[in-house]
2 protein chains.
Amino acid sequence: MKYNEARHKFIQSWGTLGSSWGISKTMAQVHAVLLLSSKALNQDEIMDTLQISRGNASMSLKSLMEWGLIYKEFIPGERKEYYIAEKDAWRIATQVAQERSKRELLPVIHMLDQIKEVKDTTATKSDIKELQNVTNDILSFAKRSDKMLSTFVKAEKNTFFNKILKLFK
Amino acid sequence: MKYNEARHKFIQSWGTLGSSWGISKTMAQVHAVLLLSSKALNQDEIMDTLQISRGNASMSLKSLMEWGLIYKEFIPGERKEYYIAEKDAWRIATQVAQERSKRELLPVIHMLDQIKEVKDTTATKSDIKELQNVTNDILSFAKRSDKMLSTFVKAEKNTFFNKILKLFK
DNA sequence: TTGTATTTTCAATAATTAATGAAAATAAAA
DNA sequence: TTTTATTTTCATTAATTATTGAAAATACAA
C-alpha cells in the first residue's frame, strides 16, 4: 500500500469512529491529521489538507482543545497558532471516556437521584416497585462505572493497578 | 415527585443517553418503557405509550432484539407478540459494549492491520515513521481493549474477577 | 493610535439521520 | 382455501446535526 492511500484510509476511518463517540466526523479527521503529523500544524494547513471551511476548522480545533485531545504549540516568530495532537492511545481513550462520562453519565445519575423520591398514592404498588428496582440498579451501576473510570484514569501512576492492567494484555 | 413525572423523566433521559450510544432515541425510549414495565408489552401498547408510528415501533423493536436488549415472550392464546426487557444493568452494559465493539472497534482494527503494510519510496521517512508509530500504538491498544471487553463479559461467571470487580465498588 | 493578519462567531444552507404511514408480506383463524 | 389480524418494509417527509462563508472580534505590528 502507498503512503497516501494508507494516510487517507486512516483519516477516513478515524472520522467514522469519531462519529460514534459523540465527536463530529470533521473533528475526528482533524485529530487524525494531527496524529499523523510529526510537526505542529496551523489552521490553514488543516483546512487545506481536509478541504474544509475556515469556520469548520476553527470549531473543530476548539472542540478538540476542550476534549483535551490536542494542544497549542507556540512557535517563535510565527503569528499563526500551531497545534499538536495527544498521541498516546491510553491518554486519548481516558480523555474521551472522561469527557463522555461528564456529558452523559452524570446527567443520568442526577436524574436517577431525583427519581428515587417518588411518593405517589395514585399509582399502583407494582408500578412504583418496578420503577424503584430499575432506577436503583442502574444508579448503583452508573456510580460504580464512574468510580471505575476514575480508578483507570489514575491507574498509570499506580503500580498496583498497572499489575492488574497487565492481566488484560 | 409523582410516579408519572418520574416515569416520564426516566424515559426521556434514557432516550438522550441512547442517542450517545449509537442507539436511536426512540429505540432507547422503547427500551425504557419495557424496563419500567413489570409485564410484557405488545407493539400497540408501546406505540400508544410513546405516541410513535407503527413503522417506527416495528423498527425499534427489531433493533433492540438485534442488540440483545429485549426478548419476545410468548403468551398463550394471544396472537400479538409481547416483549420484555433485559433488566440487569451489568448485562445491558456488556451487551451494548459488545455490539458497539463489533460495529466500531473491529472495522478500525481491520483498517489498521491493512495499513501496517505501507511500502512506499516516494513518501518521506519521517512521514512513514509517524504513520507506523501511531497505527501500531492504536492497534495494540484496540486489540487489548477488545480482549479486556471479552474478559469483562465472562467476569460474572468467574470468582477471581468478581473479586477484582469488587475493588471498584 | 491605525492597519493588517488571524481567529471566532453565527445565520443561512446543506447533508445526514430518523419517523411516518400506506402498501406488501406474513401468520393465524375460519 | 379465504378472511382477518399483525408485522415489516420502504419511499416520502420531517427533524436534527454539520458545514459554510462572510462579518465581527481579536491580536499583533507599525
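Modeller: α4(B) gives the most to the surface near DNA strand D, with five residues. Keep in mind that this is a predicted model. Two elements give two or more residues to the surface near DNA strand D: α4 (54–66) of chain A and α4 (54–66) of chain B. In total, 16 residues surround DNA strand D. Among the closest are Asn56(A), Arg79(A) and Glu81(B). By class, this surface has eight polar, six charged and two nonpolar residues.

Of its atoms within 4 Å of the protein, 61% belong to sugar or phosphate. The rest belong to bases. Take the phosphates. A polar side-chain atom of Asn56(A) lies 3.0 Å from a phosphate oxygen of DNA strand D. Glu81(B) uses its backbone: a polar atom there is 3.1 Å from a phosphate oxygen. Arg79(A) meets a base. An N or O atom in its side chain is 2.9 Å from a base oxygen.

Back to α4(B), and its contact with another helix. The axes of α2 (residues 25–35) of chain B and α4(B) come within 9 Å. They cross at roughly 75°, so α2(B) and α4(B) are roughly perpendicular to each other. From α2(B), the contact uses Thr26(B), Met27(B), Val30(B), His31(B) and Leu34(B). From α4(B) come Asn56(B), Ser60(B), Leu61(B), Ser63(B) and Leu64(B). By class, the contact of α2(B) with α4(B) has five nonpolar and five polar residues, and no charged ones.

Definitions and conventions: Residues numbered from 1 in each chain as written. Chains lettered and ligands numbered in written order. Predicted model: local features only at pLDDT ≥ 70, side-chain atom pairs only at ≥ 80, totals over all residues. Heavy atoms only, no water. Near = heavy atom within 4 Å. Polar contact = N/O pair within 3.5 Å; in protein donor to acceptor, adjacent residues only side chain to side chain. Helix = DSSP H or I, 4+ residues; strand = E, 2+ residues; numbered from the N terminus. Nonpolar A, V, L, I, M, F, W, Y, C, P; charged D, E, K, R; others polar. Axes fitted to C-alpha atoms, helices over the stretch in contact; angles between N-to-C directions. Parallel < 35°, antiparallel > 145°, perpendicular 65-115°, else oblique. Contact = heavy atoms within 4.5 Å.
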